[in-house]
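Hello,

Here is the structure I said I would pass on. My notes follow below it.

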Amino acid sequence: MDSALIPKGVRRCPLGHFVLFLAVVGAVLLWGVFAMVLCWIKGLNQTNMNDYYGFALWIWADLAVIALGGGAFFTGFLRYIIGKDELKNIINYAVLIGFICYSSALLILAIDIGQPLRGWFIFWHANVHSMLTEVAFCLSCYFAVLTIEYIPLILENRQADKVPFFHNLSHNMHEIMAVFAATGAFLSFFHQGSLGGVTGVLFGRPFGFREGVFIWPWTFFLFTWSAAACGPCFTILVTKITEAVTKKKLVKDNVIELLAKISGWMLLTYFVAKTIDTWYWASVTAPSMGFFLSDFYTGNPLYGWWILVTEIVVCGLVPALILITERGRKNKTSLVVAVVLASIGVSLNRWVMVLQVMAVPVMSFDNWAMYFPSWQEIATTILPVAYGIILIGISHRYLPIFPQEKELNPVD
Amino acid sequence: MFPFIFEWIWDMSHIVFMGGLWYALNIIGIGMTYCIIKAVVDTYQGKGGHHHDEACECGCDNHH
Amino acid sequence: MKKEHEHKAKKYGMVIDLDKCTGCGACMVACMAENNVPFRADETDKLLSITWMRVYKLTNAMPFPKTEICYLPRPCMHCEGSHGHSPCVSVCPATATDYSEATGIVSQIYTRCFGCRYCMAACPYHARYFNWWDPVWPEGMEKYLSPNVSPRMRGIVEKCSFCFHRYQLAMEKAHYEGRHGLEEDEYQTSCTQACPAGAITFGDLNNPHHAVYKLKKSENAFRLLERLGTNPKVYYTSSRKWVRQAGDNYLRDEKDNVIDKSKFRN
Ligand code: SF4
Ligand code: SF4
């Protein structure tokens, strides 16, 4: 029925199946939308946040999706600026995933603020010294860039492309895409970094505070770096999941392996930098404020040493070692294990840099504070996932996302 | 965000920060304006009217 | 001599004598009434209660008979910060909280704050509170609200202002009377006046004629979390060493350390 919209030369599941899939995921989406409306109408008392946990699940979700969506800027950077041409076969998907991640982040932010109707104050009354201002500006601008990168894809839909204006527009946008990609990389460098700066500058919070250069704490650079390392891993992971779901090979192995190799080296160097940072913080920064490392990891039910080891070794060093070795990248299982670990690692790092910062007591007579999100918070955090799945489903069905699909899956 | 808002101060931090912002916004804005205007001109010149099955004569990534 | 001080920037602050504080909580009540602080029918969850002034209970964690208790009232410290940045002011993305160079008071602009709560994450003293609910007062009580302080709406952050409206009123009066400066007793916070033990002293830390000027220099004076570089304007005094040390964090093996802070936590 919708065959006129489906790209030529590829096979898609029957429309009925597709609609059923949309309905199931759509139900989850509606649940999230319901929770979102509750939060907007009744206010943030719908959450389990409190005066110790002003930043909680949502801010974590924001930081995590932006790190995972980092695949878009870094792949774009590699493809357009460094000139790794093979990556053109995965860049569309990286852009789509980035688009989903960033639109989700903006949506979550809109739910998270106490007075959503005043959201524009962050631009209008901008305090240029605040990391959050930098985040807001770069995030919105970069979202515009991602939209610009996504539009030509939409225009390449078989029917849209028949309209000469759309064809020309998409062609022209492709022509100067390098300019947009460069702007995107510039913006991403700053907002990924300033997200790291959000906690790094909090000199009242010894667990999060880091020294640095000029106005930027070390976390600024670590966040950009880890996003560039783990974002592409997430792109690979989603590609593998899509291949498993559609039961088709969509991207050639050499493309995936190239991206995996670059990620591996980024991750390894990140591991080294993160280790040095942790060591310096544990032995110089925190003690100067009167804290031992053990003060941060003991005396509470959740945040033990395991979290430090999991984040840095299990989800940092291990995937890095897998990805830099040829055998590791070529073996399907170990590749998937590595990208899963890397994605978990970066998410865990963001968790630590938001939630654990709030949990650690600072005044000597204060207590650890624990928190578990309310269902409304969980639902609104799952909402973007459902939205992402739907957008990927629709985009995959109707748009030529994977340039190699035809070649890899010839229709006889 | 704009110099006419009262908390604006002409200091280094504002110039650097807002300079970066407006620089990026301008590139995005000018880039998109260029694409759209050129697309309109191209359309009037009769480009892009080929049928989908043919390769794009302009050599872009589309349908390759 | 006096004229000079009148022109020097003021730096309002407090000195709280912890040996005098009995933990009665009169300061907390006075603050809530003075500043129209909203409350709910059920205030059992203290992490959701708005208490601009909050009295903490400290113990030296020693077994009987060496057990000692100390009550510590904690308003906003109106931190000056170390590199020209208060912890909370520099992070607010919308310039909704500001450090006044004229008075040293950290203000909160309720109509500008959009509730991102970044400032709460930045404040190590937990002096900032979010309005999780719309303020609702028991029937008839709205008649008792202070007309000098605007009530706050849901979804924004509020905190102790050192009763700034009192400063404004006093300055207005002085202006009409043709005076530039204020006498020490012309501007006092509500908690200071309410304390039956006289534990709180309030004044201009820069003015040698004000009591706080001398008190802050006492050898028993300390500030909370000085090591972080927040540079607070609330000083505490106590003759007890463990109380003074509870004000900051020390490494276990540090010279002179008498406390094991892991035992403090309850
Ligand atoms: S005590 Fe907290 S709210 Fe008050 S000035 Fe210091 S950091 Fe800001
Ligand atoms: S909650 Fe309000 S005062 Fe605090 S940082 Fe956000 S906008 Fe500023």
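Buried area here means the accessible area, taken with a 1.4 Å probe, that two parts lose on being put together, summed over both. Please keep in mind that this is a predicted model.

Interface of chains A and C

On that definition, about 4,900 Å² is buried between chain A and chain C, and carbon and sulfur atoms give 58% of this area. On the chain A side, the residues that lose the most area to chain C are Asp51(A), Phe203(A) and Phe365(A), which together make up 18% of what that side buries. In terms of contacts, 53 residues of chain A meet 62 residues of chain C.

The polar part of the interface comes to 25 residue pairs in polar contact, counting pairs with both residues at pLDDT 80 or more. The side of chain A that touches chain C consists of 26 nonpolar, 20 polar and 7 charged residues. Between chain A and chain C the count is 1 salt bridge. It pairs Arg117(C) with Asp112(A), with the closest N and O atoms 2.6 Å apart. Several helices of chain A supply at least two residues each to the side that touches chain C: helix 1, helix 5 (121–124), helix 6 (131–155), helix 8 (177–200), helix 10 (253–288) and helix 11 (293–297).

Nonpolar patch on chain A

Phe21(A), Val28(A), Trp31(A), Phe34(A), Trp375(A), Ile382(A), Val385(A) and Ile389(A) make a nonpolar surface patch of about 690 Å². Two elements of chain A give two or more residues to this patch, namely helix 1 (15–42) and helix 15 (375–398). Phe34(A), for one, is found in helix 1.

Salt bridges

Over all chains, the count is 24 salt bridges. One of them joins Arg240(C) to Asp19(C), whose closest N and O atoms are 3.7 Å apart. Arg240(C) sits in the loop between strand 10 (234–237) and helix 7 (241–246) of chain C, and Asp19(C) in the loop between strand 1 (12–17) and helix 2 (26–34), so this pair ties together parts that are 221 residues apart in sequence.

Backbone points to check in chain C

Most residues other than glycine have a negative phi, and most peptide bonds are trans.

- The peptide bond from Phe64(C) to Pro65(C) is cis, with omega near 10°; Pro65(C) lies in the loop between strand 2 (54–59) and strand 3 (69–74).
- Thr95(C), not a glycine, has a positive phi of about 50°, and lies in the loop between strand 3 and strand 4 (97–99).
- Phe162(C), also not a glycine, has a positive phi of about 55°; Phe162(C) is in the loop between strand 7 (157–158) and helix 4 (164–176).

Regards

Key:
Residues are numbered from 1 along each chain as its sequence is written. Chains are lettered from A and ligands numbered from 1 in the order in which they are written. This is a predicted model: local features need pLDDT of at least 70, side-chain atom pairs count only at pLDDT 80 or more; totals for chains, interfaces and linings use all residues. Side-chain values use heavy atoms; hydrogens and water are left out. Patches are made of residues with over 30% relative accessible area and no salt bridge: like charges are joined within 9 Å, nonpolar side chains (Val, Leu, Ile, Met, Phe, Trp, Tyr) within 5 Å. Accessible areas come from the Shrake-Rupley method with a 1.4 Å probe; for residues, only the protein chains shown count as cover. A salt bridge is a side-chain nitrogen of Lys or Arg within 4 Å of a carboxyl oxygen of Asp or Glu. Helices (H or I, at least four residues) and strands (E, at least two) are DSSP runs, numbered from the N terminus. Contact means heavy atoms within 4.5 Å. A polar contact is a pair of N or O atoms within 3.5 Å; within protein, one must be able to donate a hydrogen and the other to accept it, and residues adjacent in sequence count only if both atoms are side-chain atoms. Ala, Val, Leu, Ile, Met, Phe, Trp, Tyr, Cys and Pro count as nonpolar, Asp, Glu, Lys and Arg as charged, and the others, Gly among them, as polar.
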